[in-house]
Amino acid sequence: MPIPSANAAQKPAALLTATLALLSFVMPLATDMYLPALPRMADEFDTDASGIQLTLSAFLFGTALGQLVLGPLSDRYGRRRPILTGAAVCTLATALCAVAPNLEVLIVLRFVTGFSGAAGLVVGRAVISDIAAGAVAARLFGVLMALGGIAPIVAPLAGGAVVSTMGGWRGVFWVLSGASLLMFSAALSFIPESLPKERRRRGGAGVTLRAAWSVLTDRAYMGYTLTFSFACGALFCYIAGSAFLLQNVLGFTVGQASVAFSLGALTATLSSAAGTKLVGRYHPRLLLRIGLATMLVATTSALLVTLAGQLSRVLALGLIGIAFLGMGQVFGTATALAIERVPHAAGTGSAVLGTLQSILGGVASPLVGLGGEDTALPLFIGMAGCSLIAVLALLLTRGGPHLPSLPGSARDDLEAPANAAT
């Protein structure tokens, strides 16, 4: 079933959806695959937990800046060129990470990797806004979140195996460079130009700034964006601190910690996949509220248990799993609700959303490590705090419009990519 877009009409929906999912897959893979090696990397570079987590912060800040730059550029020059250029640079920078001689060089290269790889994330979201709207877009974003969510499941398991059998953490980056090359090849083959020239934003920096201002001053858009971003902040707190929580606090081996991390990611993925079905029956804002409430209850409970000195393996993994159930309902719905508010500047709207997400992740990563390597308290303070702010941010959306209704035939056509992927 072809996608109804001016320039994309001849591209099979399943291949385009799968390629967009791959763009969503590689960056989480680059985030999570080397996590099992962080304690060993800290030893090799003679630094502490907070120091080695700067490699993750640099990657996330690079992703934030890359989205902020490349999203508006895609509104002006189209979607295809930024994706291809970013994927090519990301492949080269990732390969150079594998031969980094010291921590400082690795931090710089991780920034470059994040900046260039951001093209796939920010422009990929804009492509969806070009071809779908309303509940259909929410379903598509849910599909991408579900498929992209496979990365955090596979990444730590694969990372643990590579660290043990392929020369330690450097082998991880060789594998990631291969994944980036695959991303470039798929984008070159299957992503058409989805933004016709007549719909592109013309003009210089002034026009771009006005578009950004129109996005930033939309109260409902900012509410959904902040909700999404702080929910992601809770996730990044866990990503940054998970290796130390699971190995140093709970006493898991590297292999066991990789399995435990993957089970949490699997929970979020299954929840997101279920959300793609529920969005057809329930309003996305209802699913969003349920997801946020679940996150807040679970993370607050984990914090209270930790403060009481009663944290055990069962409680830690159980409460984290419940939090991931909530996250699975938040990410796709919040993204769709935010970007549908700014269809006139979808690339810019996608950029702001992704930038805030990455900045919060970059800030959270080293802060989680400040308490030391043998305590879970900073991790759960960060997760509970981000969850609370995400709930409060949703108050900004009160009074916003409902998702538009689509005619039956148009809805059927636009749902084709989601149905093909699921």
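Trainee: Is Phe236 buried or exposed?
Mentor: The model is predicted: local features need pLDDT of at least 70, side-chain atom pairs count only at pLDDT 80 or more, and totals for chains, interfaces and linings use all residues. Residues are numbered from 1 along each chain as its sequence is written, and side-chain values use heavy atoms, without hydrogens and water. Buried means under 20% relative accessible area, exposed over 50%, and partly exposed in between (1.4 Å probe, protein chains only). With a relative accessible area of 9%, Phe236 is therefore buried.

Trainee: Which residues does Phe236 touch, not counting residues up to four places away in sequence?
Mentor: Phe236 is found in helix 11; helices are DSSP runs of H or I with at least four residues, strands are runs of E with at least two, and both are numbered from the N terminus. The C-alpha atom of Phe236 lies 8.4 Å from that of Met383, although 147 residues separate the two in sequence. With contact taken as heavy atoms within 4.5 Å, and residues up to four places away set aside, Phe236 touches Thr31, Leu60, Gln357 and Gly361.

Trainee: How is helix 11 oriented relative to helix 16?
Mentor: The axes of helix 11 and helix 16 (residues 377-393) are 8 Å apart, and the packing angle is about 170 degrees. Each axis is a line fitted to C-alpha atoms, for helices over the stretch in contact, and angles run from 0 to 180 degrees between N-to-C directions. Angles under 35 degrees count as roughly parallel, 65 to 115 as roughly perpendicular, over 145 as roughly antiparallel, and the rest as oblique. Helix 11 and helix 16 are therefore roughly antiparallel.

Trainee: What distance separates the closest N and O atoms of Glu44 and Arg170?
Mentor: The structure holds two salt bridges, each a side-chain nitrogen of Lys or Arg within 4 Å of a carboxyl oxygen of Asp or Glu. In one of them, Glu44 of helix 2 (residues 38-44) pairs with Arg170 of helix 9 (residues 169-190), 126 residues apart in the chain. Glu44 is partly exposed at 44% relative accessible area, as Arg170 is at 24%. The closest N and O atoms of the Glu44 and Arg170 pair are separated by 3.4 Å.

Trainee: How far apart in sequence are the parts that Arg341 and Asp218 tie together?
Mentor: The side chains of Arg341 and Asp218 form a salt bridge with an N to O distance of 3.1 Å. Arg341 is partly exposed at 26% relative accessibility, whereas Asp218 is buried at 14%. Arg341 lies in the loop between helix 14 (313-339) and helix 15 (346-369), and Asp218 in the loop between helix 10 (205-216) and helix 11 (219-249), so the pair joins parts separated in sequence by 123 residues.

Trainee: What C-alpha separation is found between Gly71 and Thr348?
Mentor: Gly71 lies in helix 4 and is buried, at 0% relative accessibility. Beyond four places in sequence, Gly71 touches Gly66, Val122, Gly347, Thr348 and Ala351. Although Gly71 and Thr348 are 277 residues apart along the chain, their C-alpha atoms are separated by 5.1 Å.

Trainee: What is the C-alpha separation of Phe59 and Val112?
Mentor: Phe59 lies in helix 4 (residues 54-77) and is buried at 2% relative accessibility. Leaving aside neighbours within four places, Phe59 is in contact with residues including Met27, Thr31, Phe111 and Gly114. Phe59 and Val112 are 53 residues apart along the chain, and their C-alpha atoms are separated by 7.5 Å.

Trainee: What is phi of Asp46 near?
Mentor: Asp46 lies in the loop between helix 2 and helix 3 (49-52) and is exposed, with a relative accessible area of 72%. Most residues other than glycine have a negative phi. Phi of Asp46 is positive, near 55 degrees.

Trainee: What share of the residues of the protein counts as buried?
Mentor: The protein has 17 helices and zero strands. Of its contacts with a separation of 6 or more, 87% join residues 24 or more positions apart. Among the 422 residues, the share that counts as buried is 59%.
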